[in-house]
Every structure is written in C-alpha cells, then in structure tokens.
Amino acid sequence: MRILVIEDDPGVASFIIGGLRESGHTVDHCADGKDGQFLAGSGNYDALIIDRMLPGIDGLSIVQTLRAAGNTTPTLILSALGEVDDKVKGLRAGADDYIGKPFAFAELMARLEAIARRPVREGGETVTEVQVADLHVDLLSRAVHRAGKEIDLQPREFRLLEYLMRNRDQVVTRTMLLENVWDYHFDPQTNVIDFHISRLRRKVDKDFDPPLIHTVRGAGYKLSESP
Amino acid sequence: MGIFGSSALILVGYIYWQTNGYLEQQTNATISAEIRGLTEQFRQPGGPGIEAVIRDRITRDPSRSTLYLLLTADQRPVLGNLAAWPPGQLDADGWYRFTLVDQQGRRVPFQGQILQVSKDYRLLVAKEQSNLEATRQLINRVYILTLAIGLLLALFGGIVLSSSVTRRVDAINRTSREIMAGRLQRRMPVRGINDEFDQLADNLNAMLDRIDSLIDSVRAVTDNIAHDLRTPLTRLRGRLESLALQPEISEAVRNELNATITDADHLLATFRALLRIARIESGTHDEAWTDIDLGALLHDAWELYHAVGEEKEITVHLGAAAGRMRGDRDLIFQAVSNLLDNAIKYSPSGSDVRLEMRDEDGHLTIIVSDQGPGVPEAERGKVLDRFYRTATVTGIPGSGLGLSLVNAIARHHGGQLVLADNAPGLRVMLELPKTDSAGPASVPEAGLIRAARPAHH
C-alpha cells in the first residue's frame, strides 16, 4: 500500500514509518498540517495516518476538508486523547478509525489493514457465506460446518467467528474484537477475549486439522489456513 | 405573611379607637357649646330671661333631639320638653346619663349636663345618643369588613409572594443540583427584572463562570500532560517493540524486551486509568449519554465474564436484570466489567459469583456478590480511594484503581457505590438513579461514599 503519515513528533513518526516499510508498504511523511492536507488531497494514497494535534491545521480539520471534497481515502486518526468521546468526534469528522497513544504497532497495522480493505469489501456483492479451508460459515442461516460436520455455536461465538472469517488472513487485535463483536468501548482489566477465543477453539479447532485460529504474539489473533 | 396580617390588625384597631373617641368628643363638645350659649344668653343684662330662651329653643327643635328641663331647687320641673326628672347616673366627669322610652317602645340613651343657673334653678341639657350609637355601629361594621378584606388580601398576597419566592429558590436549587451532577454549563435563571433574586443569580453565575474557566485551564493542563507524556511513552514503547522484532537478537534478550514492554504497558494503563477517572470526575462525557437497556447490558457483561470464571471453576450467575436508565453505556459497561473482574479475581475456585439487579426506592441497583475474602468494614470507604488495596489481596496483581474508576462512574451518573458484607465475601452495590430524559437531575447526596452496614440475609 502507498501510505501517507502526517505526524509532527519525529520519534513517533519514525517508529510508524519504520514499521510500515518493514511490512512492505510505501510511505510518505509530512510533519505539518498544511502540507499534509495538500498531499492527502492529491488522491495518490491507499491509506492516511493523521495525528490529531498538528502544527498548522489540526488532524480532524484535514479529514473534514478531505471528506467535504469527496476524497474517501481510508483514514486512521492518531491521538494522545484516547477517550471514547474523542473517538466519537474523530469518527464523526469522517475518519474510518481512531487509535489512542500510546499504541502497539501491531494494533496500528491491524486497524490500518482493516480500514484499507473496507471499501473493496463493501463495493462488492453482499457476502452470504465464507469458507476457509474446510470451515464453512453460512452468514444467512448461521450454520457452521467443518469437514462436513455441523458445529453448534452460541450467538456471540458465531459473531466472533464471523468477524475472524471476514478478516481472514489478517491480524485482529483484542480491542478490535471487543469493539466489533461485543460493541462496547472499554478497557478490560483482564484479557477477557482470550477466554472466548479458547472456547471457540475448543469447538472449531480441537477435533480438526489443521488449526485455523492462530495467536499472533503481542498483537491478537488471525484466522487462516497457515499460521 | 403573619407580620403583614398583624400589622394590618393593629392599624385598623388604632383607627377604630381614635374614631370612636373623636365621635364621643364631638357629641360632648356639642352639649358643652349649647350650655355655653344658653348661659351667655340669660346672663346678658336686659335679655329675654332664661325661661324665654328655653322656650325659644324648644320650639325651634320640634324633633326633640335636645332635651331641656328647668328645675327648682326642690326638684320641681318649671319648664322644659321633658315631663319629669329622668332617673340616671352622674359620672365623674360631670356627665349625666339616662334612658327614655319613645313612642315605639324603644329605649333611647341620652347624655347631658346639669347647669346651676342660679341659687333657685338648675337646668338639664341632654342630647340623644342613638345617632352616635348608630354611627358607631356603622363604623364598627366598616372596620370589621375592612379588616376581613385586609386579612384576606394579606393572606392571598402572602401566598402569591411566598410561592413566587419558593419557585425562584426552587429554580436556583434545581440548577445547583444539575451543576453538582456535572452539568457545569448550566446557569441560574435570570428574570431580567433586576430584583434581589436576579442579583443573586447574576452573582452565582459570575462565580460559576469563574470556576468554569479555572476547570477549563486545569483540563487544558491535563490534556497537555496527556499529550506531552504519552507521546514520549509511545516512542519508548515503539523503540522497545522495534528492538524485540530484530531477528539477530537472542531469545533471552527478546524475552527481557517483551517483559519491559509489558511493564511499560502497565505504566501506561495506570496512567490512562488515572486520566480517565479525572476526566469522568470533571464531567465531560455528557454527549455520550443515551437510553441504556440495563438488562441487555448486564447480560452482555455476564456472557463476557462467565467464560473467564469457567477457567477458574467459578460459576458466574445472572439473576434478575431488567430496567432502563440514561447514561454513558460504555462507562456503565466498564463499571460492571470492573466489578465482575474483581469478584472473579478474588474468589476461590469452586465458588459462586452473582450478578443481579434490583429496582427499589427509585434506584436501579446493580449487585455483584462473591464468596471471596471480602473487605473489612473499616476499609470499605478506603478501597474506593485511588491506589488503596487491602492487605488480603497483596498477592494478586491489580492497580488499586478499578474500584476508584467504578466509583467515579457511579458519581458521574448521580449514583453511589456501596460495599457490604456478603457473609462470606463481598457484596458491591452500584446504585444508579432512575433518571428521566432530562439527564442527571436529582443528585442531592449523590457522590457520597458510604460503607454500608452488613447486608441482611
């Protein structure tokens, strides 16, 4: 992907840029709001990472200006203000996702990939079934089969599996799962998600081969045929 | 009201007394003047003489409003429009009072003076008192009526005045409570008539504006700290993460780096929780308030945590849960999640944790009870303080901020957090007011933390 990073802090910028380049992406960097807005408006990027507090023009105004001009480039907002209402403001301004500082690079990467794929998925036909290896999920009848055997899932387990399947081969973080599967924005004191993943694994992976739900160290989980 | 009424009473009473006295004086003065006139006439040398004068007076007054009777020294009537000497009383001031019966059989009071005309003659001059009595009765009636109307008006005016005062004080009280509940943008109502209440409201509003600007500057400082410290911390964490991803480092170094990242994450989590509590307490979340289905929320929380309990062989039970309230859905979920997390963390394996809800006394109370070590009664208030942990939980990791955050969330919603004995274990009650659509309105004693007596079983 070709990504534009608008971030005034050199340390954070080099950390993001280094990580993105290592993951094989092309990255442009800009430390100033005005220049950033100009570059972002060119439409040459697959995704934008914009810091909320910038010299010149602040991050939310850049997103608002872009959206007003019809530019729909997937945008991730970075901010030291990681509160829920700040997040709501960010999303209302037209950003696709919002991440509070400090963040793990894995969280940034997972969210960036999730928003970058969104338009492609939404542009296509409505997905009614998903298949990974011998695991088949019918999204309409909510039936789950693995190697021809029916698997009985609780409603929440189904939503968890559905989210992992829709984002197959991509890392999804615990926070992303909490927000998308449970629909609550909060800080769990324990890794509650891990317990639910292990229950899901018992049903989906335990008696079958190969395992499909993989733990990605320091990041989250990934559903794929190969680890 | 009372003051107004009694002063009206005193005033009318004074007027009554004065008027009565004046009327009597007037009658007395008339008689005195009559007698003076008579004396002058018959003492005039060469005048018509006393008998002629009296006869003249009587013929000029056919209605007999004034009575004359000339007597000899031995009480024999000589002349007058009165047949005989009327029996009566002579008072200390020289007034002679008596009563006659007229043609209609009515008793008519008279009052007069006795004048010693000469050695041989005495003259009684008297005037009818019934006119005076009638006037007095009329005046009495007018006064009683005036008094009654005055009292009624005083009562009515008092009610109107005091209800308008009550209304305005109520408005100020209501606004104060809303402000205490965190709606810091609210201001006292000003009517624009510049009376004492308006002046009070203006002063309170000026004070609130001043406090508001102070809070704003504190908030700006907090936000700046958040920005200024989080950015270098992000950088630090990023560096550690980049190092841990280097392929050439040994496994031991990688483990050490990952442990350091975990430490940094702890530090950051504590920092984030502190900032979060501060921001919730300063009441900046109002725009996130919605109508919450607490039953569904508790079910979600139970579902999320009973999987956690299973791992420790702790059964999380969900009891009665139904009710709606206005609030911040994510914060309420955060509070319930912290309570369940604590209950599971401090419970022995094989025990039960119970999540339920009660709707009583105008409160919706979310109750989480466990069979763990509990909290000694003396420490129940303290565990809500930041960083306070009881001696019984020293071996279990925790920040000491979990309950502080729940407490801040309870106060933010105008509720309170109450800890009680579950015998054995701890029972935590998150009391939330049933708010109407106006948001946080009634919060008189809200925010007071009370350590409850042991719960009844």
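Trainee: Leaving aside neighbours within four places in sequence, which residues is B:Val336 in contact with?

Mentor: B:Leu297, B:Leu298, B:Ala301 and B:Ile366. "In contact" means that the C-beta atoms, placed from the backbone, lie within 7 Å. Bear in mind that this is a predicted model, where local features need pLDDT of at least 70, side-chain atom pairs count only at pLDDT 80 or more, and totals for chains, interfaces and linings use all residues. Residues are numbered from 1 along each chain as its sequence is written, with chains lettered from A and ligands numbered from 1 in the order in which they are written.

Trainee: What makes the set around B:Val336 a nonpolar core?

Mentor: A nonpolar core is a set of buried Ala, Val, Leu, Ile, Met, Phe, Trp, Tyr and Cys residues joined through C-beta atoms within 7 Å. Buried means 20 or more other C-beta atoms within 10 Å of a residue's own (12 or fewer is exposed, in between is partly exposed). The largest such core has 111 residues, and B:Val336 is among those with the most contacts inside it, along with B:Ala301, B:Leu340 and B:Leu430. Helix H7 (residues 329-346) of chain B gives the most to this core, ten residues. A second, separate core has twelve residues, including B:Leu67 and B:Phe110.

Trainee: How much of chain B counts as buried?

Mentor: 26% of its 457 residues. The chain has eight helices and 14 strands, which are DSSP runs numbered from the N terminus (helices H or I, at least four residues; strands E, at least two).

Trainee: Over in chain A, why is H6(A) called oblique to H7(A)?

Mentor: Helices H6 (residues 155-166) and H7 (residues 174-182) of chain A pack at about 120°, axes 10 Å apart. Axes are lines fitted to C-alpha atoms, for helices over the stretch in contact, and angles run from 0 to 180 degrees between N-to-C directions. Under 35 degrees is roughly parallel, over 145 roughly antiparallel, 65 to 115 roughly perpendicular, and the rest oblique. The angle of about 120° therefore makes H6(A) oblique to H7(A).

Trainee: Which residues meet there?

Mentor: A:Arg159, A:Leu160 and A:Tyr163 in H6(A) meet A:Leu177, A:Asn180 and A:Val181 in H7(A).

Trainee: And how many residues does each chain put into the contact between chains A and B?

Mentor: Chain B puts in 32 and chain A 31. On the chain B side, H4(B) has the largest share, twelve residues.

Conventions. Contact = placed C-beta atoms within 7 Å.
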